[in-house]
Amino acid sequence: MAHLLGAEGLHLEYPTKVVFDSITLGIEEGDRIGIVGRNGDGKSSLLAMLAGRREPDAGRVTMRAGTRVGVLDQADTLDDDLTISAAVVGDMPEHEWAGDARVRDVIKGLLSDLDWDAPIAGLSGGQRRRVSLAALLVTEWDIIALDEPTNHLDVEAITWLAGHLKRRWAANSGAFLVVTHDRWLLDEVCTETWEVHDRIVEPFEGGYAAYILQRVERDRMAAATEAKRQNLARKELAWLRRGAPARTSKPKFRIDAANELIADVPEIRDKVSLQSLATSRLGKDVVDLLDAGVSYDGREILRDVEWRIAPGERTGILGVNGAGKSTLLGLVAGTIEPTSGRVKRGTTVQVRTLTQRIDELQPHWNDPVRVVISGLRTEYTFGSGSKAQSLTPGQLLERLGFSSVQLSTPVKDLSGGQQRRLQLLLVLLDQPNVLILDEPTNDMDTDMLAAIEDLLDSWPGTLLVVSHDRYFLERVTDQQYAVIGGRLRHLPGGVDEYLRLRANAQSAPGAPASSTGSATGAGSGPGRESGTPRLEGAALRAAQKELAALERKIQKLTAQIDQAKHALVDHDQSDYEGLGQKMKEISALEAAVDDLETRWLELGEQVA
């Protein structure tokens with residue numbers, strides 16, 4: 001591989017902190033590099049130095065003659081006076097950009113739902129991000145540097161971006177670097193990972209999963225002060241190997257080594273004890289949405305929503321912006337009343353929501369962190385029985401990445417990620433038994449996301465999550481639903497099934513344009529895997545009959561599961577053996593439903 005860029009002896013410091021101390025790096029043709037590290041450790045500064053946008057205090061960056069570097073900043077740098085077309089293709093004649101396959105792919109993938117001649121000034125944050133990304137990707141570069149490219153992007157746009165980068169660099173001799181907290185994207189597109197920490201940049205082979213493995217190996221040999229970090233990484237590795245079928249079917253790291261590392265790591269969540277504790281706290285009734293609908297000014301947002309939320313349920317919610325996800329959560333939280341149907345809420349239910357705003361912090365804006373937590377409860381308990389943990393607010397803050405020095409920092413002077421973590425702490429210390437997280441990963445680095453996931457693993461209650469961070473959603477929830485066409489739909493196939501459904505809708509005749517028209521990649525038929533045979537005649541009728549029978553069986557088993565979960569509340573909570581047996585019976589029923597739903601999906605693709 002030819003050399004594109006070299007950095008030698010880079011040194012960077014601020015008045016109170018040395019960020020980098022004599023680092024040396026190189027970028028070759030074909031490199032696909034992910035950059036990870038804690039907030040404030042210098043990831044964006046490193047990217048700026050390598051791209052020539054920031055001069056190091058010492059050392060130098062050299063590039064091969066003629067190397068072109070394109071950069072996507074975190075900041076919004078679009079000119080409000082421009083139109084979308086001017087921002088993306090400038091004054092290039094239409095026949096030129098329309099004849100370029102790469103430009104057409106970018107426009108279709110990111111901007112197909114926008115008015116090409118609309119002014120930038122009228123766009124939302126997410127739309128502006130897509131325009132900035134499109135403007136970068138339509139141009140030919142030798143190196144592309146992306147700083148948090150997934151900010152404000154939904155799961156479809158992120159999936160499209162991953163596919164575009166892989167296709168582009170499969171036929172391109174250039175390289176790219178990406179700073180992101182989106183671990184799914186890192187694992188999907190990167191062949192090398194750089195970890196920025198402690199004034200250095202440490203390279204690892206492979207994507208995020210491979211990086212976690214190698215970091216665990218490094219941490220196992222480190223001093224005792226690294227023990228906490230080691231345990232978090234090993235727990236996350238256990239999930240990577242056990243909990244995500246898409247990853248375990250095509251691992252990017254050495255299987256034998258991974259299995260050896262996690263041989264003594266228990267399951268990430270003790271579902272039996274958490275389910276038991278959730279049931280004892282909530283009773284058998286949580287929140288039931290019964291044929292619920294919501295309309296505003298004659299416009300129907302949600303309709304015919306039937307959702308019986310169980311104690312201890314951990315559910316992720318997907319949907320495009322404006323689909324009605326926030327309205328659905330408002331029905332659950334009680335902040336929105338249905339205009340049709342009804343919402344039945346258990347008497348013991350206490351709902352708290354971590355919103356995208358920081359309203360909870362406004363009254364404390366000028367207060368130091370220690371003053372904010374001094375008025376809170378003195379103890380918070382996670383888990384149950386012998387595994388219960390009692391933590392003080394200070395210990396929780398430490399677990400969420402706060403140092404003792406930051407306890408004296410006014411809330412207004414905290415970084416965005418620190419404010420977000422303090423906001424989560426205030427919500428948790430309110431001891432809700434139903435927790436709603438609305439885009440909780442904003443402004444978080446990968447280490448902090450792992451810490452929050454670890455915290456949620458022992459949180460005993462019902463958890464509902466809306467997030468465009470696919471990794472986080474799959475990591476902390478056990479099932480996913482989508483709001484599509486105003487209705488709530490279960491997704492037995494998870495995020496992949498959602499993307500297929502969206503592609504199917506966009507490919508249907510008369511379907512409206514979408515921002516991610518090619519999210520599932522080229523060559524797939526609508527809602528079907530490439531090459532899936534379409535049934536006809538008697539075979540089609542037989543499949544349709546079997547589909548109907550499967551739906552009845554799934555409905556019947558689901559009702560049995562609901563009854564079994566509700567029956568847990570009447571069982572002696574000290575009878576752990578009996579509770580364990582009941583949970584095994586529930587797990588067997590859920591496994592049967594999974595098998596039926598897999599068959600339902602297979603048939604659905606053939607009769608679609």
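The legends below describe close-up views of a predicted model. Local features need pLDDT of at least 70 and side-chain atom pairs pLDDT 80 or more, while totals for chains, interfaces and linings use all residues. Residues are numbered from 1 along each chain as its sequence is written, and side-chain values use heavy atoms, with hydrogens and water left out.

**View A. Glu29 and its contact with Arg64.** Glu29 lies in the loop between strand S2 (17-28) and strand S3 (32-37); strands (E, at least two residues) and helices (H or I, at least four) are DSSP runs numbered from the N terminus. The side chains of Glu29 and Arg64 make a polar contact at 3.0 Å. A polar contact is a pair of N or O atoms within 3.5 Å; within protein, one must be able to donate a hydrogen and the other to accept it, and residues adjacent in sequence count only if both atoms are side-chain atoms. At a relative accessible area of 16%, Glu29 is buried (buried: under 20%; exposed: over 50%; partly exposed: in between; 1.4 Å probe, protein chains only).

**View B. Glu140 and its contact with Arg102.** Glu140 sits in the loop between helix H5 (125-137) and strand S6 (143-147). Its side chain makes a polar contact with that of Arg102 (2.9 Å). Glu140 is partly exposed, at 32% relative accessibility.

**View C. Arg421 over Phe402.** Arg421 lies over the face of Phe402, 5.6 Å from the ring centre. A charge sits over a ring if NZ of Lys or CZ of Arg is within 6 Å of the ring centre and within 35 degrees of the ring normal.
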